[in-house]
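This briefing sets out selected features of the structure shown below, grouped by topic. Please read it alongside the sequence and the coordinates.

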Amino acid sequence: MAGGKKNARLPPEVNRVLFVKQLPYDMTGEEMYDLFGKYGAIRQIRMGKKDRKDTRGTGFVVYEDIYDAKNAREHLSGFNVKDRYLIVLYYQQTLSDKKKDTSRQQKEIANLRAQLGEQ
């Protein structure tokens with residue numbers, strides 16, 4: 001990679017971990033390595049379980065270098081794989097935490113409503 005690009009400032013949401021949606025359900029980890037490995041060294045790939053509706057068709061790709069992840073996202077977002085257009089996003093822990101907090105708060109509200117309804 002050119003040395004000038006290494007010094008460029010990246011937006012804060014850019015990181016080494018990509019969250020991929022719209023993966024074909026029959027796609028294997030090896031096919032993921034073949035597709036995403038073209039853009040740089042991969043540290044890890046995790047794919048959602050096919051038997052769980054909430055995780056199938058999704059996956060995470062962790063690159064060794066942040067610039068490789070940026071390059072892969074730019075090239076593969078919207079890429080057609082087995083008649084499905086990939087959605088490639090930067091993984092953001094804060095968004096994941098907010099979703100967990102929201103579900104926890106909803107449970108607390110339901111518990112409080114149940115307690116108040118009993119009194």
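In this predicted model, a search of the whole structure finds two aromatic pairs. F19, F60 and Y91 form one aromatic cluster. The points below begin with these rings and then turn to the sheet, the helices, the core and the loops.

**Aromatic pairs**

- F19 and F60 make a tilted pair, with 5.1 Å from centre to centre and 40° between the planes.
- This pair connects distant parts of the chain, since F19 belongs to strand 1 and F60 to strand 3, 41 residues apart.
- F19 has a relative accessibility of 22% and so counts as partly exposed; F60 is likewise partly exposed, at 29%.
- The ring centres of F60 and Y91 are 5.3 Å apart and the planes meet at 85°, so this pair is edge-to-face.
- Because F60 lies in strand 3 and Y91 in the loop between strand 6 and helix 4 (93-118), the pair ties together parts that are 31 residues apart in sequence.

**Charges over an aromatic ring**

- R56 lies over the face of Y25, at 4.8 Å from the ring centre.
- R84 also places its charged end over the ring of Y25, 4.9 Å from the centre.

- Four strands make up an open sheet in the order 2-3-1-6, with antiparallel pairing.
- Strand 2 and strand 6 are at the edges with a single partner strand each, so one side of each has no neighbour in the sheet.
- From one strand to the next, the twist averages 20°.
- Five bridges join strand 2 and strand 3 in the antiparallel sense; Q44 has V62 of strand 3 as its bridge partner.

**Helices on the sheet**

- Helix 2 packs on the sheet and touches strand 1, strand 2 and strand 3, its direction making about 135° with that of strand 2.
- Helix 3 lies across strand 1, strand 3 and strand 6, and runs at about 150° to strand 6.

**The nonpolar core**

- The largest nonpolar core contains 20 residues, and those with the most contacts inside it are L18, F36, V61, Y63 and L86.
- Two or more residues of this core come from each of strand 1 (17-21), helix 2 (29-36), strand 2 (42-47), strand 3 (59-63), helix 3 (66-76) and strand 6 (87-90).
- Leaving aside residues up to four places away in sequence, V61 touches R16, V17, L18, V20, M32, F36, I42, Q44 and I45.

**Positive phi in the loops**

- Most residues other than glycine have a negative phi.
- Q22, although not a glycine, has a positive phi of about 70°.
- Q22 is found in the loop between strand 1 and helix 2, and its relative accessible area of 35% makes this residue partly exposed.
- K82 is not a glycine either, yet has a positive phi of about 50°.
- The loop between strand 4 (80-81) and strand 5 (84-85) holds K82, which is partly exposed with a relative accessible area of 43%.

Terms used: Residues are numbered from 1 along each chain as its sequence is written. This is a predicted model: local features need pLDDT of at least 70, side-chain atom pairs count only at pLDDT 80 or more; totals for chains, interfaces and linings use all residues. Side-chain values use heavy atoms; hydrogens and water are left out. A nonpolar core is a set of buried Ala, Val, Leu, Ile, Met, Phe, Trp, Tyr and Cys residues joined through side-chain atoms within 4.5 Å. Buried means under 20% relative accessible area, exposed over 50%, partly exposed in between (1.4 Å probe, protein chains only). Contact means heavy atoms within 4.5 Å. Rings of Phe, Tyr and Trp (its six-membered ring) pair if their centres lie within 6.5 Å; planes under 30 degrees apart count as stacked, over 60 as edge-to-face and the rest as tilted. A charge sits over a ring if NZ of Lys or CZ of Arg is within 6 Å of the ring centre and within 35 degrees of the ring normal. Two strands pair if DSSP finds at least two bridges between them. Axes are lines fitted to C-alpha atoms, for helices over the stretch in contact, and angles run from 0 to 180 degrees between N-to-C directions.
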